[in-house]
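Please keep the sequence and the coordinates at hand while reading.

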Amino acid sequence: MIALIHRNPNDQTVTNFPPQKLIIVTGFPTSGKSTRAKQLHTYFSERIKAATTPSSSGGGGGGGGAPPPKYRLHLISDQTLSISRAVYDLSAAPAAHTRSANASEKDARAALYGAVKRVLSDRDIVILDGLNYIKGWRYQLHCEAKAVHTPSCVLQVGCSRERSREVNEARLSRGKNTSKDDERDNEKGKEKESTEDAEGAYEPANWENLVFRYEEPNPMTRWDSPLFTLIWEDGEEQSRRVFESMWEAVAGETRKVVKPNQATVQRSRDADGDYLYVLDRETQDIVKRILEQQGDEGGGEVRMPRGAGQDGEDLLVELPGKKIGLPQLQRLRRAFVGLNRGGIGLEGVGNLSPSRIRESFVGYLNDSFEKDG
């Protein structure tokens, strides 16, 4: 059940949040989410247009056209992607070829995810209008935004269960009544209105199931914060106040640098190339030098240069009493590479220089040869 937030109408405090470029609209079905999303899209369009108005002092020596907008605005929803409300109905028996009862719902979320991912960037403001009732789905969107250095925020449309049910039942009844009069009523306005009502209505069992499965956003979690709230009773003044605070969060002057998770960051490149390439190259070179310089009877030492442009004494590989074959050296090399390729908990290994890699690998080989006796 949504916990409605009652505010003081005279409270005009605007909370400062870091810039958010993905706005996730969530709430009960038929609670007014699409209406609020369209109002937000209209408000943002006006602000973007005002922010990109050409200055009067600019010299008109160019083509005289308007400058490109600072931000690009996108509204993505089930309607824009032609996704039917029926895909969320789990009561219908699945067809023989479907994977599961909710296969159509998963396909719908995949279509929404692909549409968001294609346009999400630090220059684009994306408004995702939909049920967005699963917290795992909102977390997935949060991670996708974070991966492109773009934070996200959530707009919760609060409405009581009883009022949302009344809206859905009214849309269903209007859809049935207008379908009976389609043959004698051909006015375009009414035809469009009936179509919108039919698209915005859910079957009663489907509606109850979606409300039962709804997971309310929690502002204490990072993927649901910052959380903005609009309730059914909020008028134009309060709506514009919330939209203004969201605009400040999206296009404010103070921007917080968003860092993606370390596990999703690609290894950086330096003058020597990619880290994994350097790791493979240096270890392969040491293996090659050992095979070329070791004696027929085994034992002894093999001198290794520290690397190009590195001063200091050469590295020494202390060979065991028997001759070492290529399979054994490759096995040790693969084990060393596996320990130093990086990953969760090993982010720091990516900073190893080529000389440091050679020194570590030589030490690893010496320890392994000593243990083998």
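At roughly what angle do the axes of helix 9 and helix 10 cross, and within what distance do they come?

## The pair formed by helix 9 and helix 10

In this predicted model, the axes of helix 9 (residues 326-340) and helix 10 (residues 354-372) cross at roughly 125 degrees and come within 11 Å. Because an angle over 145 degrees would be needed to count as roughly antiparallel, and 65 to 115 degrees counts as roughly perpendicular, the two helices are classed as oblique to each other. The crossing of helix 9 with helix 10 is right-handed.

On the side of helix 9, the contact is made by Q328, L329, L332, R333, A335, F336 and L339, and on the side of helix 10 by I357, S360, F361, Y364, L365, S368, F369 and D372. Sorted by class, the residues of this contact comprise 10 nonpolar, three polar and two charged ones.

Five strands form an open sheet with parallel pairing, in the order 2-3-1-4-5.

Helix 1 (residues 33-51) lies across strand 1, strand 2, strand 3, strand 4 (152-158) and strand 5, and runs at about 165 degrees to strand 3. Helix 2 (residues 103-119) also packs on the sheet, where it touches strand 1, strand 2 and strand 3, and its direction makes about 175 degrees with that of strand 2.

## Strand 8 and strand 9

Strand 8 pairs with strand 9 (residues 315-318) in the antiparallel sense over four bridges, and R303 has L316 as its bridge partner in strand 9. In a regular strand the side chains alternate between the two faces of the sheet.

## The protein as a whole

The protein contains 10 helices and nine strands, and buried residues make up 39% of its 373 residues. Of the contacts with a separation of 6 or more, 80% are between residues 24 or more positions apart.

Terms used:
Residues are numbered from 1 along each chain as its sequence is written. This is a predicted model: local features need pLDDT of at least 70, side-chain atom pairs count only at pLDDT 80 or more; totals for chains, interfaces and linings use all residues. Side-chain values use heavy atoms; hydrogens and water are left out. Two strands pair if DSSP finds at least two bridges between them. Axes are lines fitted to C-alpha atoms, for helices over the stretch in contact, and angles run from 0 to 180 degrees between N-to-C directions. Angles under 35 degrees count as roughly parallel, over 145 as roughly antiparallel, 65 to 115 as roughly perpendicular and the rest as oblique. A crossing is left-handed if the near helix is turned anticlockwise from the far one by less than a right angle, and right-handed if clockwise. Contact means heavy atoms within 4.5 Å. Ala, Val, Leu, Ile, Met, Phe, Trp, Tyr, Cys and Pro count as nonpolar, Asp, Glu, Lys and Arg as charged, and the others, Gly among them, as polar. Buried means under 20% relative accessible area, exposed over 50%, partly exposed in between (1.4 Å probe, protein chains only).
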